[in-house]
Amino acid sequence: MPTLRLDKLLCDSSALSRSEARIAIRTGRVSVDGAAERRPERKLDPAAHSVTLDGAPLRWAEYVYYLLNKPAGVLTATEDAAQRTVLDLFPAEIRKSGIFPVGRLDKDAAGLLLLTNDGAFAHELMSPRKAVPKIYRALTDPPMAEGDIPAFAEGVILGDGARCAPAKLELLPGTECRITVTEGRYHQVKRMVAARGKRVRSLERIAIGGLRLPDGLDRGAYARLEPGTLMKSVFQSSTSVHA
Ligand code: URA
């Protein structure tokens, strides 16, 4: 575990800014292993000490992971001069941990989006080598047809001539279908559907690997994920594009 200054540890694991953290420490609100510590510059290993603010234990984590149920109409970006971004759905105390979206969902798409400050995890999840399956629920116009299933399984050829990796298409009642892809090409699902002469009317990501969008999580709401559970569900998935 790294050694951190006490004011940084407090700022990272509470709603306080760095200057508020310094004041809280100097005014005796912070204890280390049961004794008040008034030196903001005190260095310590968070794993080896118990730190409290006003008697409540602090939970420090170097990396944080969030699952957001992204609403349509919000940009997948960390900031934008004119439009609301997914970061605007998080309070300042979480934003200050440096989270960013892993991959992207189009502005008009909804559903499961991961955000983290763990660059190595993001890189691994996006790596084409890992081929992590992403599952989408789409409404199309007209509905996808039986004949589209083998075309998806063989690898759809997009309008620009690029051939996609094999994908799985499942037809659902009405205009609905489920599409599983292992790549992350720009507008991938919309372009695959367009290559079959249809149009996506609405798109929702419902899973990444074995990690599902939880039923009870409202649009615009997020849940913090524990790293162990996240890695296991994302990378050890039984989801496959093969029937
Ligand atoms: N495919 C798309 O077309 N859009 C998304 O947002 C994700 C996958």
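Predicted model: local features only at pLDDT ≥ 70, side-chain atom pairs only at ≥ 80, totals over all residues.
Biologist: Which residues of helix H7 are buried?

Modeller: Start with the general idea. An α-helix has 3.6 residues a turn, so residues three or four places apart point the same way. Now take H7, residues 227–235. Leu230, Ser233 and Val234 are buried there. They cover an arc of only 95° around the axis, which puts them on the same side of H7.

Biologist: What do the buried residues of H7 pack against?

Modeller: Several elements. Helix H4 (119–126) is one of them. The strands are E7 (65–70), E9 (110–116), E13 (199–208), E14 (211–212) and E15 (222–225).

Biologist: Which residues touch the most other members of the largest nonpolar core?

Modeller: In soluble globular proteins, nonpolar side chains tend to be buried together. Here the largest such core has 31 residues. Phe90, Ile99, Leu115, Phe152, Ile179 and Met192 touch the most other members. At least two core residues come from each of E7, E9, E10, strand E12 (176–181), helix H6 (188–195) and E13.

Biologist: Which residues is isoleucine 99 in contact with, leaving aside neighbours within four places in sequence?

Modeller: Val64, Tyr66, Thr78, Leu87, Phe90, Ile94, Leu115, Thr116 and Asn117.

Biologist: Where should I look for backbone exceptions?

Modeller: Know the rule before the exceptions. Most residues other than glycine have a negative phi, and most peptide bonds are trans. Aspartate 54 has a positive phi of about 50°. It sits in the loop between strand E5 (51–53) and strand E6 (56–57). Alanine 131 also has a positive phi, near 45°. Its loop runs between H4 and E10.

Biologist: Is aspartate 54 buried or exposed?

Modeller: Its relative accessibility is 52%, so aspartate 54 counts as exposed; the cut-off is over 50%. Alanine 131, at 31%, is partly exposed.

Biologist: Which peptide bond is cis?

Modeller: The one from aspartate 141 to proline 142, with omega near -10°. Proline 142 is in the loop between strand E10 (134–141) and helix H5 (148–154).

Biologist: Which residues surround the ligand?

Modeller: Leu105, Asp106, Ala109, Tyr136, His187, Gln188, Val189, Lys190 and Leu203. Then check the polar atoms. A backbone N or O atom of lysine 190 is 3.0 Å from a ligand oxygen atom. For glutamine 188, a backbone N or O atom is 3.4 Å from an oxygen atom of the ligand. A polar backbone atom of valine 189 lies 3.0 Å from a ligand nitrogen atom.

Biologist: How much of the ligand does the protein bury?

Modeller: The protein buries 95% of the 240 Å² that the ligand exposes when taken alone.

Conventions
Residues numbered from 1 in each chain as written. Heavy atoms only, no water. Buried < 20%, exposed > 50% of the residue type's maximum accessible area, 1.4 Å probe, protein only. Helix = DSSP H or I, 4+ residues; strand = E, 2+ residues; numbered from the N terminus. Arc of directions from axis to C-beta. Contact = heavy atoms within 4.5 Å. Core = buried A, V, L, I, M, F, W, Y, C linked by side-chain atoms within 4.5 Å. Near = heavy atom within 4 Å. Polar contact = N/O pair within 3.5 Å; in protein donor to acceptor, adjacent residues only side chain to side chain. Areas by Shrake-Rupley, 256 points an atom, 1.4 Å probe, with all protein chains shown as cover.
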